[in-house]
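Have the sequence and the model open as you read.

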Amino acid sequence: MNVRMWIQALRVIPRISREEWQQLDIISRWLISTRAAVLIMTFTSAGIAGLLAAHAGKFDLWRWILLALGLVFAHATNNLLNDYTDYSRGVDANNYFRTQYGPQPLEQGLMTKREHLTYAAVTGLIALAAGAYLVAVNGWLALGLLLIGAFFVLFYTYPLKYIGLGELAVLLVWGPLMIGGGYYVITGQWDWNVALAGLVYALGPTTVIFGKHIDKRAEDAAKGIRTLPVILGETASRYVVLTMMALQYLGVIALVVSGYFSPVMLVVLGALYWLRPALTVYRHPRPSEPPKEEPARSAWPLYFVAASFYQSRAYGLFFMLGLILQLIVR
């Protein structure tokens, strides 16, 4: 048991050697192979759904636990299948971008295909079991939401990412599906205001995937992977991200003005402190060499995505803080 490694894997994607990998316990290996550091965005979606259910006076702890468990493990399954699909298609070969910023267990020989698929199967079954219970207590709409989620888990990497639909999938999944659908399976009621609030939060994870795809735009284009940044080009993609970052804050302000959120939700503006460095990064083209400044240098070749991730994580935490304060005030 290596608690220090668990904490590290939840904060960043560790770079480790084969020798270090062989010394790890199974939980550390699972956290690293699923890129657990990014799972916080999914847990935040589950947290937002739960807090909005509490605002409606219909929070159910057991259903929320199953929701959070199901969503996080579904995201982890997607990450495992993403690596398996890219490895099988030869995308990650020859020191491709994916193997530069963190371990790709298959490409680097840390796991066999069978071991990797076993991880994916067990992780996916845990997500499916949680979802099956929620379907059983909520009925057909919950089943539809589960099937939509399964579709994105299985087909995000191929073909959606290859035809410029990956970014749209992230926007829909992290917002209306996770938060709107999560609210539904907790409360038994669908609310379009919740789906809209979820869409505002989902802009953050979408800037993360956009940043990642801008970072590896040239490599993706060479591999025939037509993500939106490949289609739009770097400059247009950077301005799309800047627009989404602005809409995150304007969306909250609009929901306050409409009366759905109380003014206490404006605490979200505290995340502007982390927005400033992200805006600085996105206003300029990606450098051809690692920056001299830390932490950008240590994160390289992650550049735009790192800026998006730190900003999105801060925004999500302030968003949840605002919902908690709003609940206390009410």
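## Salt bridges

Glu234 counts as buried because its relative accessibility is 16%. Buried means under 20% relative accessible area, exposed means over 50%, and partly exposed lies in between (1.4 Å probe, protein chains only). This is a predicted model: local features need pLDDT of at least 70, side-chain atom pairs count only at pLDDT 80 or more, and totals for chains, interfaces and linings use all residues. Residues are numbered from 1 along each chain as its sequence is written, and side-chain values use heavy atoms, with hydrogens and water left out.

What does Glu234 meet in a salt bridge? The partner is Arg238, at 3.3 Å from N to O. A salt bridge here is a side-chain nitrogen of Lys or Arg within 4 Å of a carboxyl oxygen of Asp or Glu. Side chains of opposite charge can pair when their charged atoms come close. Glu234 and Arg238 are 4 residues apart in helix H13, so about one helical turn separates them. Helices (H or I, at least four residues) and strands (E, at least two) are DSSP runs, numbered from the N terminus. Arg238 also counts as buried, because its relative accessibility is 4%.

By this rule the count comes to 5 salt bridges.

| Asp83 | Arg35 | 3.1 Å |

Asp83 forms a salt bridge with Arg35. That pair links distant parts of the chain, 48 residues apart: Asp83 is in helix H5 (residues 61-88), and Arg35 is in the loop between helix H3 (26-33) and H4. Both Asp83 and Arg35 are buried.

Asp86 and Lys161 are both buried.

## Helix packing

Axes are lines fitted to C-alpha atoms, for helices over the stretch in contact, and angles run from 0 to 180 degrees between N-to-C directions. H13 and H14 pack at about 165°, with axes 10 Å apart. H13 is therefore roughly antiparallel to H14. Angles under 35 degrees count as roughly parallel, over 145 as roughly antiparallel, 65 to 115 as roughly perpendicular and the rest as oblique. The H13 and H14 crossing is left-handed. Left-handed means that the near helix is turned anticlockwise from the far one by less than a right angle; clockwise is right-handed.

Helix H4 (residues 39-55) and helix H16 (residues 304-329) have axes that come within 10 Å and cross at roughly 15°. H4 and H16 are therefore roughly parallel to each other. Their crossing is left-handed.

## Surface

Leu247, Leu250, Ile253, Val257, Leu266, Leu269 and Leu272 form a nonpolar surface patch, with about 570 Å² of accessible area together. Patches take residues with over 30% relative accessible area and no salt bridge; like charges are joined within 9 Å, nonpolar side chains (Val, Leu, Ile, Met, Phe, Trp, Tyr) within 5 Å. Accessible areas come from the Shrake-Rupley method with a 1.4 Å probe; for residues, only the protein chains shown count as cover. Helix H13 (residues 234-258) gives the largest share of the patch, 4 residues. Leu269 is in the loop between H13 and helix H14 (272-282). Leu269 is partly exposed, at 33% relative accessible area.
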